[in-house]
There are 2 protein chains.
Amino acid sequence: MINKLIDKIKKTDAPIVVGLDPMLDYVPSCITKKAFSEYGETLEGAAEAIWQYNKAIIDATYDIIPAVKPQIAMYEQFGVEGMKVFKKTVDYCHEKDLVVIGDVKRGDIGSTSKAYAVGHLGKVTVGNNKISPFNEDFATVNPYLGSDGITPFLDICKEEKKGIFILVKTSNPSSGEFQDRLIDDKPLYEHVGEKVAQWGSQCMGDEYSYVGAVVGATYPEMGAALRKVMPKSMILVPGYGAQGGKAKDLKCFFNEDGLGAIINSSRGIICAYKKEQYIEKGITEENFADASRMAVKDMIEDINGAIK
Amino acid sequence: MINKLIDKIKKTDAPIVVGLDPMLDYVPSCITKKAFSEYGETLEGAAEAIWQYNKAIIDATYDIIPAVKPQIAMYEQFGVEGMKVFKKTVDYCHEKDLVVIGDVKRGDIGSTSKAYAVGHLGKVTVGNNKISPFNEDFATVNPYLGSDGITPFLDICKEEKKGIFILVKTSNPSSGEFQDRLIDDKPLYEHVGEKVAQWGSQCMGDEYSYVGAVVGATYPEMGAALRKVMPKSMILVPGYGAQGGKAKDLKCFFNEDGLGAIINSSRGIICAYKKEQYIEKGITEENFADASRMAVKDMIEDINGAIK
C-alpha cells in the first residue's frame, strides 16, 4: 500500500491528503435540513448529514488527490451511527481508488493492540470466515506503550501489505510537554523517531517503509531533524493551513527525491466554501464541494511552489 | 461519578473491576454455535456471541463488584457490529448500576480530543437535541499529546461529573522503552504522574479526583512512587493475574485509607471456566458464568487479604 500511495502521489503530482473530519457545523444547512427532515434530529440524522457532506467532497476531489484521512473521532462522537458512516466513507473512497489513512491514533498492548490492528487494517476470523471490519489502508498509532503496542500492527501490515503512521511530534502547542523533554541530550520525539526507523526497516516497500511517522507542520526545524533520523519513512504532516503551518516551511519534510512527505489539510479543504476567496468566485452553500476542489488545486500549487 | 465509584467499592468491599474483554475464542462453544446458527459466521454472529457471553458474566457478578471495564478494541475488531455490542454492554451495565470504565485509550488534540470526550463521556448536539453516544462513566486516555489532549476531557468531566484514567505506567514488558527514560533525573512516567496530579486538582470529588491514572500491577515499586506523586488520584491497576501481577505487590497502590486503587482482572474472571480449580468444582461450558462469580470472590479475598 505504501507503493500505491507513492505511485498515486507521483501520478497526481500532489503530495497531499484531504482530512475528512466532518463536524456537524461544517455541513451546509441545506444538507443538514434534508437529513433531519428524513431522520429527525437524531444520531441517524447527523450521520446521514455527514455522509452526504463527505460524499460530495470525495466526488469533487477524488481524481486530483492521492489519499484521504478520515479522523475517526469525528464519527465516533455520533456513536454507532457515526461508525457506520466512517465505514461507508472508507468503502466509498476505495471505490474511487483513493488510499485511506484512518486517523485513529490507537495504541494498546499485546492482544488488545492486535485487535485494533485487525479491526482497522486486517481481517478478523469468525468461524471459517475472515472478514475486514473497517478496512483502512493505513492507520495512525500512538507510541507511548512501546514495542508491545507497535509489533502487532507490524505483523498485520506485513500480512496485508498495509501501513501505519506513528505519532512522533504532533502539531499542537502543548506537544512539547512530554515529546520535547530531553533524554540523554535528545528530545523524546527523536528517540521515538529512531524507533520508527528501526520498526520501519522490518517492512520495506520499494522505496519507502510501511511504517511512517506523524510530524506536525508547525515544527519545521524538528521536521528537518526527523527527516534525517527516518530517511525511509513517509512523514504524514498535519497542521498546514488552519493550524498555522505554512508551505514555505514544508520543504524540510521532503527527501531530495521530492517524496517522503504527505501534507494534510482538513478544514482548509472541507470548509473552503466558507472562505471569502471562494465565495467571491461564485461559491454558495449549494455548490460547496466545488470550493473544496478549488482549495485542493490551490493547496497543490502552494505546496509544489514551495518544495520544488 | 468518582464519588459513586468510591461508594460502591466501600459497599462491595471489593476494590476491583472486571475487564469485559471478550475474544471470540474465550466464548464457550455452546454460545458461539447458537449465535452462528442464527446469524451465520458473520460479524453479526460474532457480535451476538460476545453479547450473550458478556450478559451472562454481568448477570453472575454485578451484585458483588463495583465496576466493569470493557476494552473497546475487543469490540472494534468486529467493526460496526462490535461497536453496537460495546454500546449494548455499557447500557446493560448501567441498568445493573455498575460503574463503567471505557478502556478506550483515546488521545488527540483540540476539537478532535473534544469529539472523543463527547462521544464517550458527554453529549453530542444534533439540532436541538443533546444525545449521549456511548455514555461510559470513565474513559482511559493517552497523555503523549500533552495538555491539549487532556483539557477537552477535563471540560466534559466537569460538565458531566465523569472521570478519566490517564496512562502513566502501563503493565506491558516494553512500557519502559519510553516511559522509564530519565528526564531531569526522573522517569517520564513520574513527569506524567505529576501532570495527572495537577490536572486532577482542577476537578475534585469528595475524597478523590475525577482524574485517575493507569499504573500496571507488574511494576509495584513504580506504583509506590506514583502513589505519593498523585495522592488524590484513583489508580486503575491492570496486570493482576494473567499478566503476572501478584496480590502481595498491590498494597503500595493503595492509600492508608484503604482506598485509592482499583485492580482489574479480565481473563482471570471471564475465562475462569477454563481453569482446573473451577472445573474441579463442577464448572462446565454451560455454567461458565458461575466460574466467573467464583473467580471474583476468590480475587476479592486474595486482594483484601494482601492489602488489609
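This is a predicted model: local features need pLDDT of at least 70, side-chain atom pairs count only at pLDDT 80 or more; totals for chains, interfaces and linings use all residues.
Is Y219(A) buried or exposed? In it, Y219(A) has 23 C-beta neighbours inside 10 Å. A residue with 20 or more such neighbours is buried, so Y219(A) counts as buried. Look for Y219(A) in a loop of chain A, between β10 (211-215) and α10 (220-229). Now find S171(A). Along the sequence, Y219(A) and S171(A) are 48 residues apart. In space, their C-alpha atoms are 7.0 Å apart.

Next, take a whole helix. Helix α3 of chain B covers residues 43-61, which makes 19 residues. From first C-alpha to last, α3(B) reaches 27 Å. That is close to the 27 Å expected at 1.5 Å a residue. Of the 19 residues of α3(B), 14 are buried, so this helix is largely enclosed by the rest of the structure.

Now consider helices in pairs. Two packed helices are described by the angle between their axes and the distance between the axes. Start in chain A, with helix α3 (residues 43-61) and helix α13 (residues 288-307). Their axes come within 8 Å and cross at roughly 45°. That angle makes α3(A) oblique to α13(A). The crossing is right-handed. On the α3(A) side, the contact is made by A56(A), I57(A), D59(A), A60(A) and T61(A). On the α13(A) side, A289(A), D290(A), S292(A), R293(A) and V296(A) take part. Sorted by class, this contact has five nonpolar, two polar and three charged residues.

Move to chain B for another pair. Here helix α9 (residues 188-201) packs against helix α10 (residues 220-229). The angle is about 30°, and the axes are 9 Å apart. Angles under 35 degrees count as roughly parallel, so α9(B) and α10(B) are roughly parallel to each other. α9(B) passes α10(B) in a right-handed crossing. From α9(B), the contact uses Y189(B), E190(B), G193(B), E194(B) and A197(B). From α10(B), it uses M222(B), A225(B), L226(B) and V229(B). Six of the residues in this contact are nonpolar, one is polar and two are charged.

Finally, step back to both chains. How many residues does each chain give to the contact between them? Chain A gives 59 residues, and chain B gives 59 residues. On the side of chain A that touches chain B, the largest share comes from helix α6 (residues 110-120), with seven residues. That side of chain A divides into 29 nonpolar, 21 polar and nine charged residues.

Methods: Residues are numbered from 1 along each chain as its sequence is written. Chains are lettered from A and ligands numbered from 1 in the order in which they are written. Two residues are in contact if their C-beta atoms, placed from the backbone, lie within 7 Å. Helices (H or I, at least four residues) and strands (E, at least two) are DSSP runs, numbered from the N terminus. Ala, Val, Leu, Ile, Met, Phe, Trp, Tyr, Cys and Pro count as nonpolar, Asp, Glu, Lys and Arg as charged, and the others, Gly among them, as polar. Axes are lines fitted to C-alpha atoms, for helices over the stretch in contact, and angles run from 0 to 180 degrees between N-to-C directions. Angles under 35 degrees count as roughly parallel, over 145 as roughly antiparallel, 65 to 115 as roughly perpendicular and the rest as oblique. A crossing is left-handed if the near helix is turned anticlockwise from the far one by less than a right angle, and right-handed if clockwise. The expected span of a helix is 1.5 Å times one less than its number of residues. A residue is buried if 20 or more other C-beta atoms lie within 10 Å of its own, exposed if 12 or fewer, and partly exposed in between; C-beta atoms are placed from the backbone.
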